[in-house]
Amino acid sequence: MRSIWKGAISFGLVSVPVKVYSATEDHDIKLHQVHDKDRGRIRYQRRCEVCGEVVEYADIDKAYEEGGRTVVLTDEDLESLPVERSREIEVVEFVPDEQIDPMFFEKSYYLEPEKVGVKPYQLLRRTLEQTELTAVVKFALRQKTRLGALRVRGDVMVLQSLLWPDEVREAAFPILEDTDVKISDKELKMSSSLVESLSSEFEPEQFTDEYQEQLRQLLEAKLAKGDAVDTEETFGAPAEEGEGAEVLDLMEALRRSVESRRKASGAASGATASGTRGSGTKASGSRAAKAKAADDAEGSPKEEKAPPKRRTRKTG
């Protein structure tokens, strides 16, 4: 990785010099545009409206127009702003981890300490880890003042830029306020049982980007066979669609879903029992518990059952 910014974390009189690295990257397959008639590449040009010349990016300045007047801002003008010259990640306050709504998270950056800052870096990291607090910080990066969250991820500190409050839209849907919906105890109980049967520990490694995988498969088929590629041969025949989807009431849909999960859990438990028993005991026990929860949900509606415990989500 290559650092994109150098600065220092400051809280009180403590200063921790750090390098900043982008923590995420885009793995999407890059596609360009072509003319459907002759496959000619479509390219965009920055053309001046006054002289008609194509302008190189290095020769472009930013401008602001108001009341018929245009003000031009050069890179030197923007770099002269005091906040842009600052190389400080200023800690404003420390808050409990769970108080920052994930909706505000924007971009993530890894922070690596400079050699002289290893000890204060480790001290701050261990303090945040021990207190389970997140540092709310202010910093400037790429011509924008930003609010950020400084927290711990494994052995490193991560800086996550946050959206400003006015950048997060309020959700106001009249249908939720104007529609009177009654949820029965039996529906809630069945829904809770279904949720519990699908509960697990989040392991991002088990998920894959199926769209990118299938797009790569299609590209390889087209490279090998040209435009005459048979997509049915590549991906298999699409599932047949009936004349109309079966309409189920909510309770019936929940009942069938719970039953399906119960059967799947039972099959998985059986497979584990017939395999290596030592390593599968905990997993099969968990599946059996979920299957029992599904069975209980199909029992008498009078039998009350405590709702599942709310899981505390940690962004790490």
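Buried means under 20% relative accessible area and exposed means over 50%, with partly exposed in between. The exercises below concern a predicted model.

**Exercise 1. Classify Glu-252 by its accessibility, and identify its salt-bridge partners.**

Solution. 
Step 1. Glu-252 has a relative accessible area of 24%. This value lies between the limits of 20% and 50%, so Glu-252 is partly exposed.
Step 2. One partner is Arg-255, with the closest N and O atoms 3.1 Å apart. Arg-255 is likewise partly exposed, at 34%.
Step 3. Glu-252 also forms a salt bridge with Arg-256, at 2.9 Å from N to O. Arg-256 has a relative accessibility of 38% and counts as partly exposed.
Step 4. The spacing within helix α8 (residues 250-274) is then considered. Arg-255 and Glu-252 are 3 residues apart, and therefore separated by about one helical turn. Glu-252 and Arg-256 are 4 residues apart, again about one helical turn.

**Exercise 2. Describe the salt bridge of Arg-262 and Glu-259, and state how accessible each residue is.**

Solution. 
Step 1. The two side chains meet at 2.6 Å, N to O.
Step 2. Both residues lie in helix α8, 3 residues apart, about one turn of the helix.
Step 3. Arg-262 is partly exposed at 26%, whereas Glu-259, at 17%, counts as buried.
Step 4. Elsewhere, salt bridges that share partners join Glu-252, Arg-255 and Arg-256 into one network. The count of salt bridges comes to 8.

**Exercise 3. Trace the pairing of strand β8 with β7 and with β9.**

Solution. 
Step 1. Strand β7 (residues 133-140) runs antiparallel to β8 and is joined to it by 6 bridges. Lys-138 has Leu-147 of β8 as its bridge partner.
Step 2. Strand β9 (residues 156-162) pairs with β8 in the antiparallel sense over 7 bridges. Here Leu-147 stands opposite Leu-162.
Step 3. The hairpin of β7 and β8 has 4 residues between the strands, and Arg-142 takes a positive phi near 55°. In the hairpin of β8 and β9, with 2 residues between the strands, Gly-154 has a positive phi near 70°.

**Exercise 4. Determine whether Ser-10 is buried or exposed, and list what it touches.**

Solution. 
Step 1. Ser-10 is in strand β1 (residues 5-11).
Step 2. Its relative accessible area is 13%, so Ser-10 is buried.
Step 3. Leaving aside residues up to four places away in sequence, Ser-10 touches Glu-88, Ile-89, Glu-90 and Val-91.
Step 4. The side chains of Ser-10 and Glu-88 make a polar contact at 3.5 Å.

Terms used. Residues numbered from 1 in each chain as written. Predicted model: local features only at pLDDT ≥ 70, side-chain atom pairs only at ≥ 80, totals over all residues. Heavy atoms only, no water. Pairing = 2+ DSSP bridges. Buried < 20%, exposed > 50% of the residue type's maximum accessible area, 1.4 Å probe, protein only. Polar contact = N/O pair within 3.5 Å; in protein donor to acceptor, adjacent residues only side chain to side chain. Contact = heavy atoms within 4.5 Å. Salt bridge = Lys/Arg side-chain N within 4 Å of Asp/Glu carboxyl O.
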